[in-house]
Amino acid sequence: SMRGDEIEPDEKNGGAAVQIDDDSSESPKITKKNILNYIPFMKKSSVSPHPEHDGEEDEEEEDEQEEEAADARSTLSCDTCSSAGSSDTEEEFDDGTDTPVTGATYAHRECMQNSPSQALGSTFITLAMEKVGLKNTGRIVCPFVRITVRDSQGKIFSTESPQETPEWEVVNKNYLRAPSHVHLQSPLEEFPKDAAIFLEVRHYRPQRNVISTLCYTFLEKQHLTSRNYICELYSVPVDFTRHHLKSYTEKAFFLHLEVNLTQDSREVQSLDSPKSSNSS
């Protein structure tokens, strides 16, 4: 659990912390759809937890995968994304993660950490976020991303303080962009075995005077590798226990980011197969 004297970023941004109750009575539901959180976007019939495939590749299948990946990316970069049917008045709330704002006005202040000193043999994580596709960005005020590391009970990992990115830029009605590099402060080896990195897209709701989570996604420790990810987004309320996940929208909206794992300033592909300086 979080240290008693530790201030969450939302508190620094004029909000008051809200206690979140966790319910871990059920087991996580593992489906092919959920696995898409951890791998680049591809045909569901070809889902694999690793980007490399043993044996001979089928060229036709590979072409189809590339077309679908391009399709997903184009959805995020055009003004006429296929979410026109979404209701502008549609509102989803998550009282568990809403943070009341103290005062009449709100001005977002980032809460980011510098790259930590890397101890010998330890693996450190950098998240390079690029863009996110959302519905009805015109109603979003001061969007940003909050990053926390949590165990399977939903509790924040004690040595990893929450971080918040600078405000993200609204590019068009379905597209936010703000290249943000987030340096996690603790070595990956120290994270609980069941840990996950949560990324919440948050924004200010003037009508309610709260900072609220709009949608979220996560990366589990066991699936982390150095590469690009296209992460499916989930709707609120946020389930930090990862038991009950509901897609943010049926449309093709994702959070694009790159994960970099480094050891002693050398990049590694994964925790299971680090590059060896003695390899020939």
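The protein chain has 3 helices and 12 strands; helices (H or I, at least four residues) and strands (E, at least two) are DSSP runs, numbered from the N terminus. The model is predicted: local features need pLDDT of at least 70, side-chain atom pairs count only at pLDDT 80 or more, and totals for chains, interfaces and linings use all residues. Residues are numbered from 1 along each chain as its sequence is written, and side-chain values use heavy atoms, with hydrogens and water left out.

Of the 280 residues of the protein chain, 49% count as buried. Here buried means under 20% relative accessible area, exposed means over 50%, and partly exposed is in between (1.4 Å probe, protein chains only). The protein chain exposes about 14,000 Å², and carbon and sulfur atoms supply 46% of that area. Accessible areas come from the Shrake-Rupley method with a 1.4 Å probe; for residues, only the protein chains shown count as cover. Among contacts between residues at least 6 apart in sequence, 75% join residues at least 24 apart, where a contact means heavy atoms within 4.5 Å.

Next come the charged side chains. Side chains of opposite charge can pair when their charged atoms come close. The whole structure holds 6 salt bridges, a salt bridge being a side-chain nitrogen of Lys or Arg within 4 Å of a carboxyl oxygen of Asp or Glu. One of them pairs Lys-131 with Glu-130, at 3.9 Å from N to O. Lys-131 counts as buried at 10% relative accessibility, whereas Glu-130 is partly exposed, with a relative accessible area of 41%.

Another salt bridge joins Arg-146 and Glu-200, at 3.1 Å from N to O. Arg-146 belongs to strand S3 (residues 141–150) and Glu-200 to strand S7 (residues 196–205), so this pair ties together parts that are 54 residues apart in sequence. Glu-200 also forms a salt bridge with Arg-202, whose closest N and O atoms are 3.8 Å apart. Glu-200 is buried, with a relative accessible area of 0%, and Arg-202 is buried, also with a relative accessible area of 0%. Shared partners join the salt bridges of Arg-146, Glu-200 and Arg-202 into one network.

The aromatic rings are the next topic. A pair of aromatic rings is described by the distance of the centres and the angle of the planes. Rings of Phe, Tyr and Trp (its six-membered ring) pair if their centres lie within 6.5 Å; planes under 30 degrees apart count as stacked, over 60 as edge-to-face and the rest as tilted. The count comes to 7 aromatic pairs. In one of these, Phe-198 and Tyr-216 are stacked, 6.2 Å centre to centre with 25° between the planes. Phe-198 lies in strand S7 and Tyr-216 in strand S8 (residues 210–220), so the pair ties together parts that are 18 residues apart in sequence. Phe-198 is buried at 0% relative accessibility, and Tyr-216 is buried with a relative accessible area of 0%.

Tyr-216 also pairs with Tyr-234 in a tilted arrangement, 5.8 Å centre to centre with 45° between the planes. Tyr-234 lies in strand S10 (residues 234–235), so its pair with Tyr-216 of strand S8 ties together parts that are 18 residues apart in sequence. Tyr-234 counts as buried at 1% relative accessibility. Ring pairs link Phe-198, Tyr-216, Phe-218, Tyr-234 and Phe-240 into a cluster.

Phe-240 has a charged neighbour too: Arg-150 lies over the face of Phe-240, at 3.6 Å from the ring centre. A charge sits over a ring if NZ of Lys or CZ of Arg is within 6 Å of the ring centre and within 35 degrees of the ring normal. Lys-135 lies over the face of Tyr-248, at 5.0 Å from the ring centre.
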